[in-house]
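Me: Please take a close look at the aromatic side chains and the nonpolar packing around them. Keep it brisk.

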Amino acid sequence: MLFTRKAAAVWLSLALKRVLTAQTPLSSHTPSSFDPEIESDLGQWNLDEGPTVNATGHLVFETANSLLQHWANTRHRIGHTMVPATIPVGTVLYHGALTSPHLPTALDWVAVEPEHSTFFCRGTNETGCWLLTLTVTRPMKVLYFDGNSAAKLPEGTMDTQDLVAWSEMKPERVWNEKQRIKDMCKWGEKYGVNGFVRMEMNFEIVICNFTSHMEVVSLLKLESTRISAHPLDPPEDPDTTRHVFELMHSASWRENYPGETRIMLDYSGLVSFYDTALVPSLVPRRAGLDRWDHRVAGISPEDIERVRDRLAQALTRPPSTTSGIDWKTVLRVVVDRYASRLEFIQHLLNLTLDDGSIFDHARQIQRQLRNVLLPYTVFAALPPSTSVAANATNSWAAPVFRECAVSHTASIASRGTTLTPSEHLLLQAVRETTHEICRVVTKMWASGMNLGVDAFYPPEQRPEVGHIDTLMGEWKEDVTQLISWLDWSVWVKCRPACGMEEMCYLPTWPFGFVRTPGAPLQAQWDSGSLWPDPDKGEWKRPQPKCIRRREPYGF
């Protein structure tokens with residue numbers, strides 16, 4: 001639509017101000033806006049071309065962004081990522097002694113929170129139980145498995161560990177922890193790995209050698225927190241139930257970003273089963289499946305060897321050979337920039353409107369879209385008043401799309417060969433993710449400009465209500481598909497928010513997912529217990545819900 005003379009005058013005034021306030025560049029680096037190679041390639045920035053059906057960049061992005069966060073890894077239990085990590089000096093860890101007040105001499109577990117460790121203390125009210133507190137005396141090299149990787153479920157939670165221990169998945173050994181850990185420790189010994197980080201109800205570390213990196217802080221005899229003999233038995237009394245809740249409460253402290261900060265991940269050595277170049281055999285296995293159903297099972301022997309080789313390289317690479325880029329922050333900056341804004345735009349599009357308010361409401365949403373794109377609305381990007389074809393394809397907005405999409409990665413990409421293979425994967429993941437976000441948002445903004453709902457450039461005549469309604473429908477579909485494709489766990493929350501006496505909770509193994517070793521998988525449930533109804537499918541697709549923070553508890 002044609003702009004009024006007043007709008008043109010405003011535009012020229014803004015242009016003059018920009019020219020007058022222009023500053024000398026800080027360096028001789030040529031901005032991407034004026035890079036001839038990129039400038040001549042605007043045809044590639046097609047606002048109507050979405051990601052390919054087998055794209056995994058957004059999956060690499062979200063799994064990497066969610067590492068060591070309890071919420072996301074409870075929601076998607078089957079892990080697809082392995083990352084070298086370090087436990088820093090001075091870190092305090094806990095071990096609930098199962099039998100006697102002694103430092104373990106064999107392979108065993110430690111927890112990052114005492115509530116988790118005391119859950120495994122064996123003892124009655126008469127005998128009490130023992131809690132061993134340890135501190136790390138020198139940096140401890142470990143390997144982290146993402147997902148709910150300590151959950152004993154045959155659906156795939158142990159797949160990545162099986163590949164490390166045995167070079168193949170062995171679901172029949174899902175409960176054979178001693179052999180799995182023994183063989184993983186044997187494999188890790190040649191790389192200096194002394195432990196494996198996993199997530200059960202909370203994060204735990206399997207320790208290969210208790211005497212090499214830790215010393216005892218205290219060994220205390222505590223009152224018993226349990227009546228039943230086995231830690232996975234259903235709670236039998238109110239006090240045990242309270243302890244179960246406090247265990248989950250302590251896990252909630254690490255639910256979201258920054259997650260578990262006592263474990264320092266080396267993103268430059270990240271290995272992902274969503275890496276289609278490294279693991280091409282899983283691409284057809286995932287075809288048509290929701291992320292809930294993605295498995296590592298079905299990987300080819302050749303891909304297994306490539307994964308193990310890549311992991312060995314990551315564990316032996318000197319730190320000086322990495323780029324030094326803080327990938328955790330790079331990923332989080334993208335989430336911070338777009339998550340709340342996309343969620344708010346979706347909220348506005350879900351409101352019920354009448355014909356009298358729809359124009360003003362469309363303008364409000366257009367302003368929100370402009371907020372997202374503010375740093376990227378380059379001077380030259382305006383819809384032409386003469387070209388019908390340009391308006392139909394929104395090709396005039398390509399410079400905005402491009403500037404938005406490359407803003408987080410252009411400087412990293414220029415580092416080239418200093419990036420490790422894992423960093424190249426992360427770079428591509430950020431590129432693919434921001435590319436799609438910026439494509440959709442720019443397309444929505446450009447459509448609003450064309451129709452005439454942008455307050456900065458008012459049309460000569462207000463658009464018809466039917467046209468605005470069609471635009472709003474298209475916007476709603478675009479943002480819904482984008483949020484579904486990104487599938488960020490930051491959007492998964494209790495709605496409405498929980499009250500002061502409640503906590504938002506995702507069904508967490510083993511509560512409601514317990515089975516006896518060797519017996520068929522079954523959930524233990526009855527209407528009067530803590531356990532969720534297995535028929536509701538919470539074990540496969542956990543949904544958030546509010547639970548009580550005081551008696552009577554319920555999960």
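Reply: A residue is called buried when its relative accessible area is under 20%, exposed when over 50%, and partly exposed in between. The model is predicted.

Start with ring pairs. The structure holds 10 aromatic pairs. One of them joins Phe119 and Phe120. Their centres are 5.6 Å apart, with 85° between the planes, an edge-to-face arrangement. Phe119 has 1% relative accessibility, so Phe119 counts as buried. Phe120 has 22%, so Phe120 counts as partly exposed.

Now take Phe245 and Tyr553. Their ring centres lie 5.0 Å apart and their planes meet at 20°, so this pair is stacked. Phe245 belongs to helix H8 (residues 238–252). Tyr553 lies in the segment after strand E12 (545–548). The pair therefore ties together parts that are 308 residues apart in sequence. Phe245 is buried, at 1% relative accessibility. Tyr553, at 15%, also counts as buried, because the cut-off is under 20%.

Ring pairs also link Phe61, Trp488 and Trp491 into a cluster. Trp488 leads on to the nonpolar packing. The largest nonpolar core has 90 residues. Trp488 is among those with the most contacts inside this core, along with Leu265, Trp327, Tyr338, Leu342, Trp445 and Trp475. Helix H16 (residues 421–451) gives the most to the core, with 14 residues. In soluble globular proteins, nonpolar side chains tend to be buried together.

Leu342 shows the packing in detail. Leaving aside residues up to four places away in sequence, Leu342 touches Val441, Val479, Leu482, Ile483, Leu486 and Trp491. Trp491 is also a member of the ring cluster with Phe61 and Trp488.

A second, separate core has 29 residues. Phe145, Trp166, Cys185 and Ile299 are among them.

Charges sit over rings as well. The charged end of Arg173 is over the ring of Trp166, 4.7 Å from its centre. Trp166 is one of the residues of the second core. Arg337 lies over the face of Tyr338, 5.8 Å from the ring centre.

Last, the setting. The protein has 17 helices and 12 strands. Of its 555 residues, 52% are buried. Among contacts between residues at least 6 apart in sequence, 79% join residues at least 24 apart. The protein exposes about 25500 Å², and carbon and sulfur atoms supply 53% of that area.

Key
Residues numbered from 1 in each chain as written. Predicted model: local features only at pLDDT ≥ 70, side-chain atom pairs only at ≥ 80, totals over all residues. Heavy atoms only, no water. Core = buried A, V, L, I, M, F, W, Y, C linked by side-chain atoms within 4.5 Å. Buried < 20%, exposed > 50% of the residue type's maximum accessible area, 1.4 Å probe, protein only. Helix = DSSP H or I, 4+ residues; strand = E, 2+ residues; numbered from the N terminus. Contact = heavy atoms within 4.5 Å. Areas by Shrake-Rupley, 256 points an atom, 1.4 Å probe, with all protein chains shown as cover. Phe/Tyr/Trp six-rings, centres within 6.5 Å; stacked < 30°, edge-to-face > 60°. Lys NZ or Arg CZ within 6 Å of the ring centre and 35° of its normal.
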